[in-house]
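Hi everyone, thanks for making time today.

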Amino acid sequence: MGGGPAGASAAYWAASAGLDVLVLERKHFPRPKTCGDGLTPRAVKQLTDMGLAKTLNGYHRFKGLRTSAHGQTLSMPWPKHSIYPPYGYVAVRSSLDQAVLSRAAEAGAEVRFGAEATSPLLTDGLCGGVAVRYREDGGNEDIPARYLVIADGANSRIGRFLGCSRDRSFPQGMAIRTYFASPLHADPWIESVLDVRDRNGDSLPGYGWVFPLGDGTVNVGIGLLSTYKGFRSVNTSWLMKEWAHALPGHWEVDPEAPVSPPTGGRLPMAGSIQPKAGPNFLVVGDAAGSVNPFNGEGIDYAYETGRLAAELISEAVICDDGTALSHYPELLETEYGLYFKVARLFSYLIGRPALMGELTRLGMRSQVLMEGAFRIMANLMREEEPGAAEYVYRSLARVAKLWPE
Ligand SMILES: Cc1cc2nc3c(=O)[nH]c(=O)nc-3n(C[C@H](O)[C@H](O)[C@H](O)COP(=O)(O)OP(=O)(O)OC[C@H]3O[C@@H](n4cnc5c(N)ncnc54)[C@H](O)[C@@H]3O)c2cc1C
């Protein structure tokens, strides 16, 4: 259940494999979704694989990241990679999510909007389906299902019913965003600022972004990690206001005139939620805590985990043997385990403002260093032709392996 990136991807791949698929989505699409709207090359690949390359052409394409800190600015094109394209898009989520879910419907999935899953149907510890409430008429229905994909996002009510919970020793993100009109709305770079300051010049926690949408507006937001010491006491609305006033001048944004009220949300990350699989269910996307702690990217990981879940469920259906699902945690571990562990280590380091300040000061002196960091943080490393970034990553991974859980 859930028709966001994770649920839509799972539905597309399962329906394409010939399975009977029902998507339960509690909202009606298009629906607004709080997000930075940034799609990296990894997400572009997933969308292209789902046959959505043409749809992507309708969004604003960008060629890389401009980043600034301590008075320095560097522009870094997306790194070259044999699998991933050297560009990303900024795509407003209401439209993007609708396009992906429509694609799943074209592949044969049935989609029910306004259908809220309220609880799993449990018999002898097995989940035989879900209870659904239809939001229009308040009607209820018990829907049986042989296999379930839990894709209901960061607050995952159904996941909690099934015993899934966040490991609190893992970092978590929190972010807020809004939109502003800007003459630079079609800029070919997205921008991040690593040392945001308030109107008094005092350092603020987190990093700020400006993502141009190409439609007259820019998505402006700021996010921080729970590893930051004062995380709990941070007022994100105030943070957003201060960040809007601190935006680089070239965007020519009127900080007092957002085109919509700011909204925020949580980013469950690094695979922090357990368990991710049961005898006949798999947990994907934000419900599984799949966001990349390095950059707050969750859309691609939602597509990827949804796809993996669909592949395993297809295998289970074809072989008439549900044990295929038990491989899911191990496959996730192989794909993301070490990378997320390195990212967690990094998140603890940058949670210390003084250390973060020194690291960015050092990094901003070198284009090569920052390009390497960009490749690592966007998870665009090359196994087959390792360069400086891959060697640095391998050293970090050796340290992370020694780091106790
Ligand atoms: C401020 C902010 C900025 C972000 N910026 C970026 C970014 O720029 N790039 C990026 O890659 N990631 C970004 N993310 C993360 C990204 O938004 C998420 O990782 C991504 O949306 C996860 O997809 P999902 O399908 O798992 O969950 P969701 O997108 O949350 O989708 C879940 C769906 O399930 C539905 N649902 C929920 N409960 C039920 C239920 N009980 N029954 C039926 N349906 C239900 C919801 O209506 C929703 O449509 C950002 C997050 C935040 C908060």
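How many residues surround the ligand, and which are the closest? There are 42 residues around the ligand, and the closest are G4, G36, G153, G285 and G298. A residue is near a molecule here if its C-beta atom, placed from the backbone, lies within 6 Å of it.

Before I go on, a word on what we are looking at. This is a predicted model, in which local features need pLDDT of at least 70, side-chain atom pairs count only at pLDDT 80 or more, and totals for chains, interfaces and linings use all residues. Residues are numbered from 1 along each chain as its sequence is written.

Back to the ligand. Helix 1, strand 1, strand 8 (115-123), helix 5 (157-161), strand 13 (172-181), strand 17 and helix 7 (299-319) each give at least two residues to the shell. Helices (H or I, at least four residues) and strands (E, at least two) are DSSP runs, numbered from the N terminus. By class, the shell has 16 nonpolar, 14 polar and twelve charged residues. Ala, Val, Leu, Ile, Met, Phe, Trp, Tyr, Cys and Pro count as nonpolar, Asp, Glu, Lys and Arg as charged, and the others, Gly among them, as polar.

Let's stay with helix 7 for a moment. Of its 21 residues, 15 are buried, so helix 7 is largely enclosed by the rest of the structure. Buried means that 20 or more other C-beta atoms lie within 10 Å of a residue's own; exposed means 12 or fewer, partly exposed is in between, and C-beta atoms are placed from the backbone. After helix 7 comes D320, with a positive phi near 50°.

Now helix 4 (residues 93-106). Its 14 residues should span 20 Å, and its end C-alpha atoms are 19 Å apart, which agrees. Which of its residues are buried? They are L96, D97, A99, V100, L101, R103 and A104. Their cover includes helix 1 (5-16), strand 1, helix 3 (53-56) and strand 7 (110-113). Following helix 4 is G108, whose phi is positive, near 120°.

Next, the domains, whose bounds come from an automatic or database domain assignment. Domain 1 covers 5-32 + 42-57 + 93-168 + 269-338, and domain 2 covers 341-402. Taken over C-alpha atoms, their centres are 31 Å apart. Eight residues of domain 1 are in contact with eleven of domain 2, where contact means C-beta atoms, placed from the backbone, within 7 Å.

Finally, some backbone details. The peptide bond from F29 to P30 is cis, with omega near 0°, and P30 sits in the loop between strand 1 (22-25) and strand 2 (38-39). The bond from Q274 to P275 is cis too, with omega near -10°.

Two residues other than glycine have a positive phi: E252, near 50°, and N379, near 55°. Are they buried or exposed? E252 counts as exposed because it has 12 C-beta neighbours inside 10 Å, while N379 has 21 and counts as buried. N379 lies in the loop between helix 10 (367-377) and helix 11 (388-402).

Note on methods:
Two residues are in contact if their C-beta atoms, placed from the backbone, lie within 7 Å. The expected span of a helix is 1.5 Å times one less than its number of residues.
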